[in-house]
Amino acid sequence: MLDWNPALYSRFEDERTRPARDLLARVAMDPAGVASVVDLGCGPGNSTELLVERFPQAFVTGTDNSESMLVKARERLPSATFLLSDIGSWQPEVPPDLIYANASLQWVPGHETLFPRLLDALAPGGTLAIQMPDNRDEPTHRLMRELAAKAPWAKAIGDFSRFRTELLSLDGYYDLLAPLAANLDVWRTAYQHPMESPAAIVDWVRGTGLKPFVDRLSPELQESYLAAYERRIDQAYPERADEKRLLAFPRMFIVARKG
């Protein structure tokens, strides 16, 4: 995958940051007792900023595999530390009190081993807080896969099943972590985002889920794919009473405390 586009990602920063706030609100930790916090997959630093505000005395580190995202994060929060790393192989030098992963682990395979490893990496009594989009079956994502299987785009896009990790069910994550955690909280929320137009919905997903599809296309094929995709988005998300389109965005939340 080509590098992420921070400007496109940040266009909907308020909407993307809302679940990050909701996740952090369920982290029951006294800021005075938190010395080290890691933001796994920090992006341009919008989620890291929440952590710095909540835990002002802690050493806060953001990690990401995108150098362009880290550049923006460092500009935004010069007091925090930002490191280039891959979540799949990441290991902390010192066990942190909080590992926070907002909309990042859905890109990382092997959750059956990854999640227990992250919980184990915490300091005693530490917290693992995770939020992941759970929208693979929404029209936005179903339509991008349907088009990717059609000519003239299928050959260039290839096997799109590997673009994003298949999530477990909420029950599956509970069963995975419950035997290992001292306390476990899981929930699912479907946010409803009013969008100005079908093009705005396309711009939203171009910053994330649609990116690996269009990255593999030539400029000409990108243009035709995006035009066909927007037409289908227009049909899937009809105008509401205020002439906007209502984008449903389900997300999954997990907060686990280590014993």
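**Ground rules.** I am working with a predicted model, where local features need pLDDT of at least 70, side-chain atom pairs count only at pLDDT 80 or more, and totals for chains, interfaces and linings use all residues. Residues are numbered from 1 along each chain as its sequence is written, and side-chain values use heavy atoms, with hydrogens and water left out.

**The sheet.** I started with the strands (DSSP runs of E, at least two residues, numbered from the N terminus). I found 7 strands in an open sheet, in the order 3-2-1-4-5-7-6, with mixed pairing; two strands pair if DSSP finds at least two bridges between them. Strand 3 (81–84) and strand 6 (183–195) each have a single partner strand, so one side of each lacks a neighbour in the sheet. From one strand to the next, the twist averages 15°.

**Strand 1.** Next I asked myself: how many residues of strand 1 are buried? I found that 5 of its 5 residues, 36–40, are buried, meaning under 20% relative accessible area with a 1.4 Å probe, protein chains only (over 50% is exposed, in between is partly exposed). I remembered that side chains in a regular strand alternate between the two faces of the sheet. Here Ser36, Val38 and Leu40 lie on one side, Val37 and Asp39 on the other, and all are buried.

**Its neighbours.** In strand 4, Val38 is partnered by Ile99, while Val37 stands opposite Leu98.

**The crossover.** Strand 1, helix 3 (residues 46–54) and strand 2 form a right-handed β-α-β unit. Right-handed here means that, with the strands pointing away from the viewer, the path from the first strand over the helix to the second runs clockwise.

**A record check.** UniProt, in an unreviewed entry, places "domain: Methyltransferase" at residues 37–126; such annotations may be inferred rather than shown by experiment. I looked at that span: its end C-alpha atoms lie 10 Å apart, and it is 32% helix and 21% strand.

**A helix pair.** Last, I looked at helix 5 (residues 111–120) and helix 8 (residues 170–177), which pack at about 50° with their axes 10 Å apart.

How values were computed: Helix = DSSP H or I, 4+ residues; strand = E, 2+ residues; numbered from the N terminus. Axes fitted to C-alpha atoms, helices over the stretch in contact; angles between N-to-C directions.
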